Amino acid sequence: MSALRAAGAIMARELARFLTQRERFFAALVRPLVWLVVFAAGFRAALGLSIIPPYRTYITYETYIAPGLCGMILLFSAMQSSLSLVNDRESGTMRLMLTAPWPRWFLLGAKLVAGALVGLLQVAAFLGIAYAYGIHLPPLGYVAALPAVVLSGLMLGALGLFLSARIRQLENFAGVMNFVIFPMFFLSSALYPIWKMQESSPVLALLCKLNPFTHAVELIRFALYRQLEPLSLAVVAGATAVFFALALWGFEPARTRPPKRD
Amino acid sequence: MLRALLLTTLLASPALADEIWVTNEADDTVSVIDVETLEVTHTYPTGERPRGVTFSRDFKRLYICASDSDAVQVMDPDTGEILHDLPSGEDPEQFVIAPDDRLLYIANENDAVTTVVDTQSRKVVAQIDVGIEPEGMGISPDGKVQVTTSETTNMAHWIDTATHEITANTLVDARPRHAEFSPDGGELWVSSEIGGTVTIFDTATQMEKGKITFGIPGIRPEKLQPVGMHFSPDHTKVFVALGPANHLAVVDAASFSVEEYILVGRRVWHMALSPDETLLFTTNGVSGDVTAIDVATLAPVATIKVGRFPWGAAARPTAN
């Protein structure tokens with residue numbers, strides 16, 4: 001019972017932090033919307049039309065990138081969450097949380113679930129605005145996408161957790177931006193189908209296929225059309241487990257001690 | 001999921017479903033699409049360069065304009081067998097069947113004539129001189145007026161079907177390719193491919209009632225080339241195929257304003273409505289496929305690969 005209370009407290013804190021930071025919510029929505037409205041409009045004519053699963057007919061570029069932008073929201077949300085962990089560590093809240101009488105995996109897991117739910121909220125808000133803008137997906141697809149969005153949120157959250165265990169200072173977060181967010185986002189199927197990438201560079205296409213973020217995007221894309229992509233599910237679930245294991249290893253007591261000052 | 005789908009398909013297959021028949025201009029074939037499964041079930045060979053296609057009113061015969069064979073072919077849709085050819089004049093491109101189910105009005109693109117053929121006696125009844133490159137063929141619901149549009153003369157020729165003489169000529173914008181009477185016969189709609197417009201005439205006076213122009217953000221205006229037109233089942237909307245703009249325009253039949261654009265395949269030519277009137281099928285020439293659109297929601301449902309350069313389309317119900 002008190003385990004639930006502890007988990008609840010962690011989640012409530014995460015949610016409260018998100019809701020009180022209005023600009024964070026605003027930024028989380030503006031970023032994908034700018035891509036949808038500005039970037040997609042510019043590229044609409046440039047991208048060749050082709051029908052690939054799960055689509056059954058021709059689609060606009062806006063429709064194509066909608067699942068990728070859901071992934072983008074989750075990616076930024078997860079990285080922001082890991083940023084807040086670095087902050088927690090610097091301020092000492094992290095130490096406080098980890099001294100609670102519950103296993104480390106449970107506390108970090110609760111943190112992870114909380115982060116994924118915050119991501120889900122943002123994705124829901126984005127899809128709502130996108131609907132008003134004219135991106136209409138199958139009605140039941142929105143429901144079917146829920147577990148895919150949550151699982152993708154967990155995977156990216158676990159990655160963020162692991163990164164936060166390795167990052168000592170807040171200033172290093174810019175590096176995360178350069179070395180994690182950008183490559184993950186651009187080397188994926190979020191903005192262009194992989195067959196398109198294959199045409200210009202087979203090596204980049206291979207990197208896209210190996211990128212777990214690609215599979216998160218494809219899992220969401222197929223789910224939005226009420227289809228299951230088994231390979232993507234396997235990759236996302238597997239990557240979640242690996243990242244979480246790495247995060248637990250990273251947060252072992254010996255490793256979470258503040259660095260020795262000389 | 002897939003297995004269940006397959007099983008229901010197999011179980012359902014003995015009961016024939018409604019069909020859409022599509023002519024493939026570059027393959028010299030017709031493709032038959034099952035309206036239920038949205039899959040091609042048959043492909044039958046035809047004469048060269050099949051374009052215009054229509055069923056007899058009892059759906060027992062399929063008429064095909066085999067343009068480069070200089071013939072209108074008659075096919076048994078149950079077997080896909082070509083029964084015989086009809087004399088058609090040179091290079092038949094489009095035609096329209098009269099409400100009496102007997103006379104075919106055929107546009108002979110190279111000869112600048114409209115040929116009238118009796119499908120029963122298989123004889124040419126009349127040949128009417130029209131403008132250069134006739135193509136669009138429409139007939140009023142009462143069968144009294146036939147309109148031929150000529151692509152180069154840029155005219156709609158109004159033909160009295162009793163005398164087979166032209167009673168009026170009206171100018172339209174460049175390259176008129178299709179003529180369609182409103183279901184009540186009160187209006188004639190003519191699409192002009194190069195002009196990029198659709199002109200609406202009052203049938204009684206042959207006076208212009210309105211003109212429609214199109215515009216899609218991100219698509220160059222010269223690509224907006226209206227060709228095929230089709231009234232919605234409730235007659236409140238008209239679907240206009242916009243050729244290389246790869247979209248259908250949905251036009252309000254009363255106000256003539258464009259309500260929406262629907263993305264389909266590349267170079268959309270013509271359309272056919274499913275017999276139950278729930279789906280509209282478009283032929284997409286360059287992409288070699290057919291897009292099915294939900295008439296109620298105006299959402300594209302699926303795009304089906306057919307032969308190369310699909311052009312004309314016609315529907316056949318199962319219960320016939």
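Visitor: Leaving aside its neighbours within four places in sequence, which residues is B:Phe95 in contact with?

Guide: Two residues are in contact if their C-beta atoms, placed from the backbone, lie within 7 Å. Setting aside neighbours within four places in sequence, B:Phe95 is in contact with B:Gly52, B:Thr54, B:Tyr63, B:Cys65, B:Val72, B:Leu104, B:Tyr105, B:Ile106, B:Ala107 and B:Met137. Keep in mind that this is a predicted model: local features need pLDDT of at least 70, side-chain atom pairs count only at pLDDT 80 or more, and totals for chains, interfaces and linings use all residues. Residues are numbered from 1 along each chain as its sequence is written, while chains are lettered from A and ligands numbered from 1 in the order in which they are written.

Visitor: Which residues touch the most other members of the largest nonpolar core?

Guide: A nonpolar core is a set of buried Ala, Val, Leu, Ile, Met, Phe, Trp, Tyr and Cys residues joined through C-beta atoms within 7 Å. Buried means 20 or more other C-beta atoms within 10 Å of the residue's own, exposed means 12 or fewer, and partly exposed is in between, with C-beta atoms placed from the backbone. The largest core has 82 residues. B:Val72, B:Phe95, B:Leu104, B:Val240 and B:Leu248 touch the most other members. A second, separate core has 67 residues, including A:Met97, A:Ala116, A:Ala223 and A:Val235.

Visitor: At what angle do helix H5 and helix H6 of chain A pack?

Guide: Helices (H or I, at least four residues) and strands (E, at least two) are DSSP runs, numbered from the N terminus. Axes are lines fitted to C-alpha atoms, for helices over the stretch in contact, and angles run from 0 to 180 degrees between N-to-C directions. H5 (residues 104–133) and H6 (residues 139–166) of chain A pack at about 130°, with axes 8 Å apart. H5(A) and H6(A) are therefore oblique to each other. Under 35 degrees counts as roughly parallel, over 145 as roughly antiparallel, 65 to 115 as roughly perpendicular, and the rest as oblique.

Visitor: Which residues of H5(A) and H6(A) meet?

Guide: On H5(A), they include A:Gly115, A:Ala116 and A:Gly119. On H6(A), A:Gly153, A:Leu154 and A:Gly157 are among them. The contact divides into 12 nonpolar, four polar and no charged residues. Ala, Val, Leu, Ile, Met, Phe, Trp, Tyr, Cys and Pro count as nonpolar, Asp, Glu, Lys and Arg as charged, and the others, Gly among them, as polar.

Visitor: How do H6(A) and helix H11 of chain A cross?

Guide: The axes of H6(A) and H11 (residues 230–250) come within 8 Å and cross at roughly 25°. That makes H6(A) roughly parallel to H11(A). The contact of H6(A) with H11(A) holds 15 nonpolar, three polar and one charged residue.

Visitor: Where is A:Pro54 placed?

Guide: Most residues other than glycine have a negative phi, and most peptide bonds are trans. The bond from A:Pro53 to A:Pro54 is cis, with omega near 5°. A:Pro54 sits in the loop between helix H2 (22–43) and helix H3 (61–91) of chain A.

Visitor: Is B:Arg175 buried or exposed?

Guide: B:Arg175 is buried, with 22 other C-beta atoms within 10 Å. Its phi is positive, about 60°, although B:Arg175 is not a glycine. B:Phe59 also has a positive phi, near 60°. B:Phe59 is partly exposed, with 18 other C-beta atoms within 10 Å.

Visitor: How many residues of chain B are in contact with chain A?

Guide: 10 residues of chain B are in contact with nine of chain A. Strand S27 (residues 300–305) of chain B gives the most to the chain B side, with four residues.
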